[in-house]
Amino acid sequence: MKRALTALIATVAGVAWLVTFRVTPHARPVAAAPAPSQPAAAASETPAPGADTATPTPTPTPAPTNRPANGTFTGPVVSTRFGDVQVRIVVSGGRVTDVTPVQMPTDRARSAEITRYVTPVLHSEAIQAQSARIDIISGATYTSEAYAESLDAALRQDHLA
């Protein structure tokens, strides 16, 4: 009786853990942009008598030109064991307004079925996240990761990533 009770408690604990287990997407390391170099501060020296004491005018630094642009950007083809994945994004006003799959796995019947299921979900995730940090869909891990990789490259073309 004692063993049965222990087994029952362990089973209930295991099921509770499985029900509450959450899967988080893989974080891709993002290289930080190098900080613009700052001009060295001028040393304060006492000018020699009779020397010109005019103060130099600071030169304004140009604004960065890597602002998001409007347009359509296509990510690279990412190969998976089930087929190639490639996406195209539409950016308007600095926001991703549409993500269109250019290529998705459809060579096998099961791959085509999975593609029909995951494409709208991945689209929704990308629009909502406005980045390539989207949830991986169980049962379509390779496709989800390739979708995110192609999406990330398209976002980098527009300086959104």
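I call a residue buried under 20% relative accessible area, exposed over 50% and partly exposed in between, using a 1.4 Å probe and protein chains only.

I note that this is a predicted model, in which local features need pLDDT of at least 70 and side-chain atom pairs count only at pLDDT 80 or more, while totals for chains, interfaces and linings use all residues. Residues are numbered from 1 along each chain as its sequence is written, and side-chain values use heavy atoms, with hydrogens and water left out.

I placed Ser138 in the loop that joins helix 2 (109-129) to helix 3 (141-157). Helices (H or I, at least four residues) and strands (E, at least two) are DSSP runs, numbered from the N terminus. From Ser138 to Val118 I read 9.7 Å between C-alpha atoms, across a sequence separation of 20 residues.

Asp135 sits in the loop between helix 2 and helix 3. I recorded Asp135 as partly exposed, because its relative accessibility is 38%. Its C-alpha is 9.0 Å from that of Glu145, a residue ten places away in sequence.

**The chain as a whole**

I counted three helices and four strands, arranged along the sequence as α-β-β-β-β-α-α. Of the 161 residues in the chain, 24% are buried. The accessible surface is about 11,900 Å², and carbon and sulfur atoms account for 58% of this area; such areas come from the Shrake-Rupley method with a 1.4 Å probe, and for residues only the protein chains shown count as cover.

I then turned to contacts, meaning heavy atoms within 4.5 Å. Where the partners are at least 6 apart in sequence, 47% of contacts join residues at least 24 apart.

Helix 3 has 17 residues and runs 25 Å from first to last C-alpha, close to the 24 Å expected at 1.5 Å a residue. The expected span is 1.5 Å times one less than the number of residues. Among the buried residues of helix 3 I listed Ala146, Tyr147, Leu151 and Leu155. The buried residues of this helix pack against strand 1 (71-74), strand 2 (78-80), strand 3 (83-92), strand 4 (95-103) and helix 2.

Which residues of the largest nonpolar core touch the most other members? I found Ile89, Val99, Val118, Tyr147 and Leu151, in a core of 23 residues. Strand 3, strand 4, helix 2 and helix 3 each contribute at least two residues to this core, and helix 3 gives the most, with six. A nonpolar core here is a set of buried Ala, Val, Leu, Ile, Met, Phe, Trp, Tyr and Cys residues joined through side-chain atoms within 4.5 Å.

For Leu151 I noted contacts with Val87, Ile89, Val99, Ala126, Ser131 and Ala132, leaving aside residues up to four places away in sequence. Just after helix 3, I saw that His159 has a positive phi of about 60°.

**Helix 1**

Is helix 1 buried or in the open? I found that the number of buried residues among its 19 is zero, so helix 1 lies largely in the open. Its end C-alpha atoms are 27 Å apart, which agrees with the 27 Å that its 19 residues should span at 1.5 Å a residue. Ile9 belongs to helix 1 (residues 2-20) and counts as exposed, because its relative accessibility is 53%.
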